Amino acid sequence: SEKRMIRAMVAKGALERAEEACSDAIEGLVASGASLKTVGGAQMILGTVLLRMFRYEESLEALTRSLSLLSSHQGHPLDVANTHLEMGICLERLGQLDRATDSFLLALESRLQVLDSNHLLVAGSLV
């Protein structure tokens, strides 16, 4: 799938190619009438790629679009949590520590909606 291909590009450090693939995928999803939840997930991946490229302002824009789409179209709580987590990292790097803290707490709350408090993804967030 495109998602796996993009993740492989990121893992190999081919960030520019991953960004281009994300942008093309988003354009294709919109053109094909894909669900807004699916487009939101693709925006999250783009935001993550841009974050890895140290392009924090652009990353924050993509993550904000993702969160808006996922939240308004009942995205899976773990997708919402991951978006909040990436947004928190981005905000922290931009020096917006209060907003970053809020984002990290929202990520934890979203994870708690579907996972037990002893689950590794939740317990690791509490440390």
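I took buried as under 20% relative accessible area, exposed as over 50%, and partly exposed as in between, with a 1.4 Å probe and protein chains only. By that cut-off Cys22 is buried, at a relative accessible area of 2%. Cys90 is buried too, at 0% relative accessibility.

The model is predicted, so I noted that local features need pLDDT of at least 70, that side-chain atom pairs count only at pLDDT 80 or more, and that totals for chains, interfaces and linings use all residues. Residues are numbered from 1 along each chain as its sequence is written, and side-chain values use heavy atoms, with hydrogens and water left out.

Next I looked up disulfides, meaning pairs of cysteine sulfur atoms within 2.5 Å. I found 0 in the structure. The closest cysteine sulfur to that of Cys22 belongs to Cys90 and is 15 Å away, which is too far for a bond.

Then I turned to the nonpolar cores, which are sets of buried Ala, Val, Leu, Ile, Met, Phe, Trp, Tyr and Cys residues joined through side-chain atoms within 4.5 Å. The largest has 17 residues, and Ile6, Cys22, Leu46 and Val49 touch the most other members. At least two residues of this core come from each of helices H1 (2-11), H2 (15-32), H3 (36-52) and H4 (56-72); helices are DSSP runs of H or I, at least four residues, numbered from the N terminus. H3 gives the largest share, 6 residues. Apart from this core I found another, of 12 residues, including Tyr56, Leu60, Met87 and Leu91.

Last, I listed contacts (heavy atoms within 4.5 Å). Leaving out residues up to four places away in sequence, Cys22 touches Ile6, Ile45, Leu46 and Val49.
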